[in-house]
Amino acid sequence: MIGVFGGTFDPVHFGHLRPALEVHEALELREMRLIPCYQPPHREPPAADARARLTLLRAAVGDDTPGLLVDNREMQREGVSYMVDTLGSLREELGDEPLCLVLGADAFAQLHTWHRWQAIVELAHLVVTHRPGWSLEADHLTPPLQSLWAQRRVEDRAALAAAPAGAILLQAVTQLDISATRIRQLVAEGRSPRFLLPEAVWNLIRLQGLYNIHRER
Ligand code: ATP
């Protein structure tokens, strides 16, 4: 069973990395693939270009976190990065091996707006994690997601391992109230984002002058 953790990673921070690692361990995944998007469909173009975001992500993951790896297929594909295409290409490689798409509560709450979202649930399981400030209570979800949740919800890893795709699991992770938006703001304002993201990532942001950094610290 493998996991996919997609994102803009603009920049990557501990709110991505810690949940990715915890899901990897809790679900005993063979590997967890962090997949940076080239061009996000649902938002403004990222502040840092694709190559810079990939470099930061690689620096964050390093070589010494077994099972966590960076997959650059969306970068290579270019164009708008649709998750359904990414999962389709992974599915071709994996055959029937279970595939889990990890989504924070904010991303899950928007799933019904994603390109061919129903096909996504046929290609992968969904592993949904809480995120500070976002509720997963039914009355905070739109009707299509409420019924998806009601129909597909499972309670444990075994149910995921038993099928290639199609189930939804709520997975507890350490709650870290960190966002890339906040980090970009801090950097642009000349304040320090240290301890919200790996030191290696912060060093590269300074070295490359990303996020309108305007003074040395
Ligand atoms: P931005 O602030 O630029 O919107 P972000 O910090 O939300 O970025 P993304 O790259 O958009 O990060 O998020 C990718 C995935 O990581 C999503 O599934 C999102 O829910 C999840 N995620 C991001 N930050 C956290 C966090 N602090 N805790 C849990 N999940 C998170």
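The protein chain carries 22 positive and 27 negative side chains, and the centres of these two sets are 5 Å apart. The structure is a predicted model. The chain contains 10 helices and 7 strands. Its radius of gyration is 17 Å, close to the 17 Å that the globule rule gives for 217 residues, so the chain is as compact as a globular protein of that length.

**Overall dimensions and surface**
- The C-alpha trace of the protein chain spans about 50 × 40 × 30 Å along its principal axes.
- The accessible surface of the chain amounts to about 10400 Å², and carbon and sulfur atoms account for 48% of this area.
- Of the 217 residues in the chain, 50% count as buried.

**Contacts along the sequence**
- Among contacts between residues at least 6 apart in sequence, 73% join residues at least 24 apart.

**Nonpolar cores**
- The largest nonpolar core has 41 residues, of which L160 and I205 touch the most other members.
- Two or more residues of this core come from each of the helices α1 (14-26), α2 (50-61), α9 (180-188) and α10 (199-208), and from each of the strands β2 (31-36), β3 (68-70) and β4 (99-104).
- Helix α2 provides the largest share of this core, with 7 residues.
- Beyond its neighbours within four places in sequence, I205 is in contact with P11, L56, V187, L197, L210 and Y211.

Note on methods: Residues are numbered from 1 along each chain as its sequence is written. This is a predicted model: local features need pLDDT of at least 70, side-chain atom pairs count only at pLDDT 80 or more; totals for chains, interfaces and linings use all residues. Side-chain values use heavy atoms; hydrogens and water are left out. A nonpolar core is a set of buried Ala, Val, Leu, Ile, Met, Phe, Trp, Tyr and Cys residues joined through side-chain atoms within 4.5 Å. Buried means under 20% relative accessible area, exposed over 50%, partly exposed in between (1.4 Å probe, protein chains only). Helices (H or I, at least four residues) and strands (E, at least two) are DSSP runs, numbered from the N terminus. Contact means heavy atoms within 4.5 Å. The radius of gyration is taken over C-alpha atoms; the globule rule is 2.2 Å times the number of residues to the power 0.38. Accessible areas come from the Shrake-Rupley method with a 1.4 Å probe; for residues, only the protein chains shown count as cover. Lys and Arg count as positive and Asp and Glu as negative; His and the chain ends are not counted. The place of a charge is taken as NZ of Lys, CZ of Arg, CG of Asp or CD of Glu.
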